[in-house]
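Hello,

Here is the structure I promised to pass on. Please look through it, then read my notes below.

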Amino acid sequence: MSHPPSRHPDERSLPAEAAGGICREITEIGDPVLHRRCQDVTEFATPELSRLIKDMFFTMHVAHGVGLAAGQVGVDLRLFVYDCPGARGERHIGHVLNPELQVTGEYAITRREGCLSVPGAARELIRPASVTVRGADWRGNPVTVSGTGLFARCLQHETDHTDGTLYVDRLTPEERGRSLAQMYDNRASVMAERAGRARSLARP
Ligand code: NI
């Protein structure tokens, strides 16, 4: 999920979780890996998994993301990372493998939402205001993450990715069309900004 425009500028520092990571190419809407449920992770604590998570954190930071799923870097696994501002200025940073979502409150909130795989677009979408995600960390230990507000939206958006659902799939046909029109208008400038930021953040 992209950093919300209302919170620009994005001045977060590179998180420690991205250390040693490299920028991978972000898949875009239409790529089959984004439109099917990915595979559950069954092998934990592997060097490949450690590398993938570092690269996902780095790639997310380059693209001004608050969340990124493995399918968005072309990897067919149910896994996401997040680096998301909380309501009181705190910073939620972590990863979840094989996430399962539970709605924990009765309220829903409408906010603008965007996705790194639909570059340059953001539309208003109603989502439950508080959720809990249960899954595993990269070593296979159980993890439980709860969130409200923007972080709850992020946890839903990223769990959706692991199940092959994009936020535009939750819009009306008219709103979906508007988001795609925004993408066609803005994609080139977003991609140019990402490329410049990837160069400036890359290790020498
Ligand atoms: Ni997304």
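N98 counts as buried, at 17% relative accessibility. Buried means under 20% relative accessible area, exposed means over 50%, and partly exposed is in between (1.4 Å probe, protein chains only). N98 is found in strand β3, residues 91-103. Its phi is near 50°, a positive value in a residue other than glycine. Most residues other than glycine have a negative phi.

A45 also has a positive phi, of about 60°, and is not a glycine. A45 sits in the segment before α1 (47-62). A45 is partly exposed, with a relative accessible area of 40%.

A word on the source. This is a predicted model, where local features need pLDDT of at least 70 and side-chain atom pairs count only at pLDDT 80 or more, while totals for chains, interfaces and linings use all residues. Residues are numbered from 1 along each chain as its sequence is written, and side-chain values use heavy atoms, with hydrogens and water left out.

Now the cysteines. How many disulfides does a search of the whole structure find? The search finds 0. A disulfide here is a pair of cysteine sulfur atoms within 2.5 Å. For C38, the closest cysteine sulfur is in C115, 13 Å away, which is too far for a bond. C38 is buried, at 5% relative accessibility. For C154, the closest cysteine sulfur is in C84, at 4.5 Å, again too far for a bond. C154 is buried too, at 0% relative accessibility.

Next, the whole chain. The protein chain has 3 helices and 7 strands. Helices (H or I, at least four residues) and strands (E, at least two) are DSSP runs, numbered from the N terminus. The order from the N terminus is α-β-β-β-β-β-β-β-α-α. The radius of gyration is 16 Å, close to the 17 Å that the globule rule gives for 204 residues, so the chain is as compact as a globular protein of that length. That radius is taken over C-alpha atoms, and the rule is 2.2 Å times the number of residues to the power 0.38. The C-alpha trace spans about 45 × 45 × 35 Å along its principal axes.

Of the 204 residues, 50% count as buried. Take contacts between residues at least 6 apart in sequence: 69% of them join residues at least 24 apart. Contact means heavy atoms within 4.5 Å.

Best wishes
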